[in-house]
Amino acid sequence: MVKTIRKAAVIGSGVMGSGIAALLANVGIRTLLLDVVPNELTEAEKKKGLSKDDDEVRNRLAKTSLEQSLKRKPAPFTSKKNIDFITIGNTEDHWNELKTCDWIVEVVVENLQVKKQVLQNIDRVRKKGSIVSSNTSGISVHAMSEECSQDFKEHFLGTHFFNPPRYLKLLEIIPTKETKSAIAQYMQNFGEEVLGKKVVFAKDTPNFIANRIGTYGLLVTVREMNKSQLNVGEVDSLTGPLIGRPKSATFRTLDVVGLDTFAHVAHNVFQHVEGEERELFTIPPFMEAMLEKGFYGSKAGKGFYKKEGKEILQLNTDTLQYEPRQKFPLTDKSKGKKKDMKALLYSSNREDQFLWNIISPVLLYSAHLVSQIADNIIDIDEAMRAGFGWKKGPFELWDELGVEETVAKMKNEEKTVPSWVEEMLESGFTTFYKQTPEALFYFKESEYKVKEREEKRIHLASLEKTNVLQKNSGASLLDMGDDVLCLQFTSPNNAIGLDIIDMIHKGINEAEQNYKGLVIGNQGKNFCVGANLAMMLMEAQDDNYEEIDFVISKFQGAMQHIKYSLVPVVTAPFSMTLGGGAEVCLPSAHIQAASETYMGLVEGGVGLIPGGGGSQNLYQKVLSQSGSGTDLLKVASHVFETIAMAKVSTSAREAGELGFLNPQDKITQNEEFLLYDAKQAVIHLSSDYRAPVQQKIPVVGESGYATLLLGAQSMKYSGYISDHDLKIAKKLAFVIAGGRLPFGTKVDEQYLLDLEREAFLSLIGELKSQERMQHMLLKGKPLRN
Ligand code: NAD
């Protein structure tokens, strides 16, 4: 039987080891982080009079690495407190502790001999049945464990995380022929459910899936750049979002990865493949020259790009000198938008021909390799999406282009199309995938096979085709099955306007009549970044305050409806959940948050305060979390600071620490399962759900107001905040304090909501607030005026 992983060990505390240790700590797994004992004392250690026998010296590598992790950006930890789950040590004094670990992951240097030795040492002490894995980028997993015991081999596999492990979603799992299938399955579940990764199974071939195809694609792009006489900046403007790839496109990606790392990966394939393919993995001479000069990329301060002052310069790959950055002069049609990819098939313009020349080889290469490196095409597509940030993997993109037309063009160009693709077309299958309302099918071995393990992946886009109850310009109500209703935001950027507000009322009414409860969630880029600012600004500029008052009352009313709904309302935030987005979550019965949730009441940035009960609901929540004997002023100060400083959590865990989440709210590691978990939460809560009743709220009143303001005023005198910031802070303090009442007075919710509305209305009438709103709408960032 496979044991549950409760305690893990990470061997090697470098970039990846420390990142993997943080990933484990983030999900509450106790982790031992070991590195070698250093050979020499540092100057500082000598000065301190330490010797090589002192723990401080012996554990130095793991300790320093962990300390650096706390400063690293983006942060590896979802909360600094998670570091407590990690114990550091060294491979000599603490090796025996591996006996207590359920999973040991080797993350030492990429060198077969070193890895072999480390694994044999692990084999000597590990407990039988414990899982061991290697985080190699491309060395043969079988080869490194050859000399280990049978039990070891049965419990050993490759677990290839991508850097940085918290943020990059891909986890390639590489079982060997000897790995027990139960172990591979267990690690797949563990990777998906506990660590929140997109897990794909890769075969034990050089560099596995994503790096094999990704490296090939990058080298083909470089080759075509030279042929087409394009330059670095021009290629990047063509190979980013325009074709559904990340903003960092080709060369900025290489700068981030590091040219040395890239060369190492390419070299690994070069060494292990034969024939034509080998040529393709040869590093071109100008890159060799870059390596010699140390132009490694971001870590060296220069690579394909270099920053000089505020200017970004690009490398001239002929002269290896830097020159002003250039962009490809795109045709008007494609400017800034994703291309119509089908154009690549027939267009003769320079950009389309270049794109065809870099994309078609990747499609063919993937098709040639599929059975060698993966079990199926899905694993390849998913690896490229999760590992390289492509919107579509090669086979999905191929479907978009049209398989028949593409193959015809390839054959015209005398390219070798893999026989299985031709046979697929001959047998009448014209796409690699087929989506039906029930399932996704993919082509494998002469037929469509159903994609399994889909139960937890709810696709609202599919539900929208069949299960819509109601729909308006900003939201829709969908039946999620099992008597759970879903309210989905569909407005541009999911901004909250009257349409969403209206649908919230309708959704709750419908759920109270016919469902167990309501999930408020969506699958956009962000959960919601706030209210419809443009509409508010327009009304304010027209002095239409009655309309604004009406909207705010409606917004507050909808939030109260969520709070007092007779059936549970569960919100499912993820990514940016700001302003109105956070206000929707606060009153819900349960928050099921994705681990990567960035939540905050940031209205100050646009010259306002929360208008949908945000201050009151956060205050009430923090108050209820504080228990008996609460220091009211402390609660009010915390809420005041959180909103006045527009604090945004860097994770769901931190949102909890700020008070946005209750201790009983839950975090979902894998965003793909978020709506499923939210739905389960509704089902779980609904059996004995009792709506809360309104209670009076104790406030800090006039004396508390004065105290709250003191801090803001001193920030003003020290020059940290502007006059207008202070004005906003005063209004906010007044609302949180509950106005001019004696300390400890208990007030009705409506009283606080009225104060909030008045303060909101007075601020939106201020010219400086309107300037802030306008700036945010035009530039996408706050104006400090
Ligand atoms: P790194 O050089 O940053 O760290 C390696 C660490 O291993 C160092 O701290 C070193 O002191 C330690 N070490 C060396 N020999 C050891 C031994 N015998 N016992 C214990 N510790 C030992 O390297 P990294 O970038 O963290 O890479 C580690 C592994 O992860 C490599 O196999 C690499 O290919 C793979 N990987 C790296 C990346 C990446 O982007 N850096 C991505 C995926 C996989």
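**Ligand, helices and loops**

Modeller: This is a predicted model. In it, a backbone N or O atom of M16 lies 2.8 Å from an oxygen atom of the ligand.

Biologist: How far from an oxygen atom of the ligand does a polar side-chain atom of D35 lie?

Modeller: D35 takes part through its side chain, whereas the atom of M16 belongs to the backbone. The distance from the polar side-chain atom of D35 to a ligand oxygen is 2.6 Å.

Biologist: What is the distance from an oxygen atom of the ligand to an N or O atom in the side chain of E110?

Modeller: E110 is one of the residues that come nearest to the ligand, and K115 and S137 are also among them. An N or O atom of the E110 side chain and a ligand oxygen are separated by 2.5 Å.

Biologist: How much of the accessible area of the ligand does the protein cover?

Modeller: On its own, the ligand has 830 Å² of accessible area.

Biologist: Which element gives the most residues to the shell around the ligand?

Modeller: The elements that give two or more residues to this shell are α1 (15-26), α5 (112-125) and β6 (156-161). The one that gives the most, with three residues, is α5.

Biologist: By class, how many residues of the shell around the ligand are nonpolar?

Modeller: There are 23 residues around the ligand. By class, three of the shell residues are charged, nine are polar, and the nonpolar ones number eleven.

Biologist: Is N207 buried or exposed?

Modeller: N207 sits in the loop between β8 (198-201) and α9. The cut-off for buried is under 20% relative accessible area. The relative accessibility of N207 is 1%, so N207 counts as buried.

Biologist: Which backbone oxygen lies 2.7 Å from a polar atom of the side chain of N207?

Modeller: N207 touches S137, G138, E172, R212, V265, N268 and V269, leaving aside residues up to four places away in sequence. The backbone oxygen at 2.7 Å from the polar side-chain atom of N207 is that of V265.

Biologist: Which elements do the buried residues of α12 pack against?

Modeller: Helix α12 covers residues 259-272 and reaches 20 Å from its first C-alpha to its last, close to the 20 Å expected. Its buried residues are L259, F262, A263, V265, A266, N268 and V269. They pack against α9 (210-228), α11 (251-257), α13 (276-280) and α14 (285-293).

Biologist: How far apart are the end C-alpha atoms of helix α22?

Modeller: Helix α22 runs over residues 498-514 and has 17 residues. At 1.5 Å a residue it should span 24 Å, and this agrees with the separation of its end C-alpha atoms, 24 Å.

Biologist: What do the buried residues of α22 pack against?

Modeller: The buried residues of α22 are D499, I500, I501, M503, I504, G507, I508 and A511. Their packing partners are β15 (468-471), β16 (475-479), β17 (484-489), β18 (517-520), α24 (545-563) and β19 (569-571).

Biologist: What is omega for the peptide bond from K73 to P74?

Modeller: Most peptide bonds are trans. The bond from K73 to P74 is cis, and P74 is in the loop between α4 (60-71) and β3 (86-90). Its omega is near -5°.

Biologist: Where is P164 found?

Modeller: The peptide bond from N163 to P164 is cis, with omega near -5°. P164 is found in the loop between β6 and β7 (170-175).

Biologist: Does A249 count as buried or exposed?

Modeller: A249 has a positive phi of about 45° although it is not a glycine. It is found in the loop between α10 (232-238) and α11. At 10% relative accessibility, A249 counts as buried.

Biologist: And S446, buried or exposed?

Modeller: S446 is not a glycine, and its phi is positive, near 70°. It lies in the loop between β13 (440-444) and β14 (447-450). Its relative accessibility is 55%, so S446 counts as exposed.

Definitions and conventions:
Residues are numbered from 1 along each chain as its sequence is written. This is a predicted model: local features need pLDDT of at least 70, side-chain atom pairs count only at pLDDT 80 or more; totals for chains, interfaces and linings use all residues. Side-chain values use heavy atoms; hydrogens and water are left out. Helices (H or I, at least four residues) and strands (E, at least two) are DSSP runs, numbered from the N terminus. The expected span of a helix is 1.5 Å times one less than its number of residues. Buried means under 20% relative accessible area, exposed over 50%, partly exposed in between (1.4 Å probe, protein chains only). Contact means heavy atoms within 4.5 Å. A residue is near a molecule or strand if one of its heavy atoms lies within 4 Å of it. A polar contact is a pair of N or O atoms within 3.5 Å; within protein, one must be able to donate a hydrogen and the other to accept it, and residues adjacent in sequence count only if both atoms are side-chain atoms. Accessible areas come from the Shrake-Rupley method with a 1.4 Å probe; for residues, only the protein chains shown count as cover. Ala, Val, Leu, Ile, Met, Phe, Trp, Tyr, Cys and Pro count as nonpolar, Asp, Glu, Lys and Arg as charged, and the others, Gly among them, as polar.
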